[in-house]
Every structure is written in structure tokens, then in C-alpha cells.
Amino acid sequence: MSTRRTNPDFLNGVPELVVLELLSRRAMYGYELVQAIREHSGGELAFGEGAVYPLLHKLEERGQLASRRVPVGGRSRVVYRVTPPGKKRLAETIAEWRRIAASVQGILQGGEHALARILAD
Amino acid sequence: MRSLAFWRTDTNTPTTLYAELVRRGLPADYARRTADELDDHRADLIADTRSVDAAEAQAIADERLGEPRQLARKIAGDYRRRSWFGRWPVVSFVLAPVPLWIAAAAAIYAVLHGLTYPAHAVFGFALEGWSPWNRLVGLVACAVSLYAVVFAVVPSILSYRISKLALQATSQRSWALVASCVLAITAASLTYEMDCSLEPGETSFVISSPTVTITRFDPWTTLSDYLRPIALAQMAGPLLACVLVLRSDSDRRRTALDFDGQLDQAASRAA
């Protein structure tokens, strides 16, 4: 995964979070998922075209995703969807992300008021 | 008909993503599935570039996906990092085999040592009526059997299992070979003393606990220690076990690549 063609260490875990979130909204195949990530992030986050598939396979092996080949537009595609364990993992990851983001934001903005405002959101 | 166009690059670099993944040791079914999905992805890329001609669209798609060898390298790397052993190969296949083998040898030796006392009580008594030559043969047979189990069979089995694990976790034959060499050298570092007595009225044999031979850092002394016939025999088992595993893996890869070639021939005939 890349943002402006770099992959800083603090983005570890972000691809998994993003993939699970988007697939929890609707099932998608790989190309569709890569397009959705680019579109929903406003172009800030972009997967390498072939890089999404090892992640999808890894999540499927963990039982967090399920796949099947279905006809799409005259061809067949392997479509992925989130499983109940995947939804659970997504919820945990989101909570952890929000906690970390709030902590960092609090440090950047300084003071308890900013932290309380963000946590209330 | 399913498109196989993506599975081959231009004629200047005759390779396919599937073949590159298999050559990197990935399972054939995983390699085929990944290549299929990337073939679909490429078709979608081509379909989305509507404003250019077909050849240019294919070139753009190939550029965005990357050259098969580079793509295969990245996919194989991600595949290896799936498991803990794949993420920590040095710990798993260089450091861990040493204490693992020592613990296994100690456990086996303790069990066998515990069995020799009742065996001695039974056979020792029975051997009293044997001729000296028969007693000697019996003792040597027992000693060789114990030696073979502890110092040959156990490290060979360990080497076989660890080599298979290394291939499964890392898909790299080098780690299987490294683990087996570590086991072989560790096995050859363990020595034991055997003492037998054939005095009239007394028949006994004693095998001392295995001791690790730690040679001072002298290349010639170390080399001579490991070139002893017994040391070479102790090293042979683990290395042969690894060779068997690697040969089986080579056969698997060759079969998978041959199947890929048959698919290409079928596609050419259909076209």
C-alpha cells in the first residue's frame, strides 16, 4: 500500500483495516477494491495493483474473509466478503485505531480539551 | 474461453507469473489462484482504459501491474510472512534446532537408559550361559541399536520434519538446508563412551551420557573431529533426510510447471 509512493511504518495495519471496512459494506473483487480504496481516500491511499491479493488471501486464511467466484459483467471474478470473525476483528481494529489517533491528536494539539472533544466524537 | 494472455509476457522474457510463483516455492494451487485473479485484474485494467487502442491499453495494464518476476517476488515475500516461522527464519531454522535436538536426544537417551537396567537384569542373567563370542555380539548389537536410535534416527527424523516446515513456511530451500546442516553438526558434536566387560561371571555394558564435544577454536582440530567416521555417520542421517525433502519439493515444482506447459499447449491448440 502506498501514499504518495511511500509506505511509512505508521501505516502498518492500515491496509487490513481499510480492506475489512470496505468489504464489510459490500462484497467486492480485487480490482473493485483497489478502485474503492483510491476513491474513498481521495487518492491519498493507493494499493499497488497486485499487492492487494496476498492481503486478501491472508485474511481469508485467518477466516476473516470468504470468497467465491461469481459472474460479473460477462466474466467471472473472485468476490470477497467479510465473515463474522472478520467483523469482530474489524471492530477491534477500529477501536484501536481511534484510540491511537486520539492520543496522537492530543499530543499534536496539546491539552486535555482537544482529547476530550475527539473522544466525544 | 479464459484468457491466458496475462500468463505470458512478451516473447523477449518468456516467463509467466504462475511459473515464477512455483519457482519461488509457492504451492501450485495458490500460485494458480493468484495468477488467475491477477489475470482478471489485468482484464479490468485494460477494459478501463477505453480511450486508447488495445495494444496501448495492454501495455498500460502491464506497466501498472509490474513485471512478473518482480510481482512474484513481492507475492512470495508476503506469502512467507504469513507464519511466525516465515517471519523469523533465523530463530526457527538456525537457533532453534540446536536446543531442540539436545532436548530430544536427552529425552530419548533417558528413556533408553531406563530400559537398559531391566533389560540388563534379564539378558545379563541370560547371557551368563552364552559363550564369550555370543555375549560380545549381543552387547555390540545392543550398543549399536542404542547408538543408531539416539544419534542417527532421532536427528534424521528431526531434520526431515524441520526441512518440511522450512519449505512450507519460507518456500525457500536454503532454509531447509541450513536447518539440516545445523542439526547434522550438532548431532556430530555429541559423543559417548561405551564400556563392556566380558569377564567370566560378569557381563555388562555401560554407555555414558552423551557429552558435547567443545573443541577449542582450532580449525584443524575442529575439522579432524568432524571428519571422524563416527561423526560423518552422525551427520549423514540429517543431511540425507534433507536431500529427500528437497528432492520431493523439486518434483512437486517440476510437476506444477509441466502442468502449466500443458495448459499453454491446450490454449494454443484451441486458438
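How much area is buried between chain B and chain A, and what percentage of it do carbon and sulfur atoms give?

1. **Basis.** This is a predicted model, in which local features need pLDDT of at least 70 and side-chain atom pairs count only at pLDDT 80 or more, while totals for chains, interfaces and linings use all residues. Residues are numbered from 1 along each chain as its sequence is written, chains are lettered from A and ligands numbered from 1 in the order written, and side-chain values use heavy atoms, with hydrogens and water left out.

2. **Interface area.** About 1800 Å² is buried between the two chains, B and A, and carbon and sulfur atoms give 47% of it. Buried area is the accessible area (1.4 Å probe) that two parts lose on being put together, summed over both. Glu37(B), His41(B) and Arg82(B) supply 31% of what chain B buries against chain A, more than any other three residues.

3. **Who takes part.** Chain A brings 22 residues to the contact and chain B brings 19. Contact means heavy atoms within 4.5 Å.

4. **Polar links.** Across the interface of chain B and chain A, 15 residue pairs are in polar contact, both residues at pLDDT 80 or more. A polar contact is a pair of N or O atoms within 3.5 Å; within protein, one must be able to donate a hydrogen and the other to accept it, and residues adjacent in sequence count only if both atoms are side-chain atoms.

5. **Chain B's side.** Helices H2 (28-48), H3 (54-65) and H4 (68-80) of chain B each give two or more residues to the side that touches chain A. Helices here are DSSP runs (H or I, at least four residues), numbered from the N terminus. H2(B) gives the most, 12 residues. By type, this side of chain B has 10 charged, 7 nonpolar and 2 polar residues. Ala, Val, Leu, Ile, Met, Phe, Trp, Tyr, Cys and Pro count as nonpolar, Asp, Glu, Lys and Arg as charged, and the others, Gly among them, as polar.

6. **Salt bridges.** There are 24 salt bridges over all chains, and 7 between chain B and chain A. The rule asks for a side-chain nitrogen of Lys or Arg within 4 Å of a carboxyl oxygen of Asp or Glu. Arg77(A) meets Asp44(B) at 2.6 Å, N to O. Arg82(B) pairs with Glu61(A), their closest N and O atoms 3.3 Å apart. Arg82(B) lies in the loop between H4 and helix H5 (84-87) of chain B and Glu61(A) in helix H3 (residues 52-61) of chain A, so this pair joins two chains.
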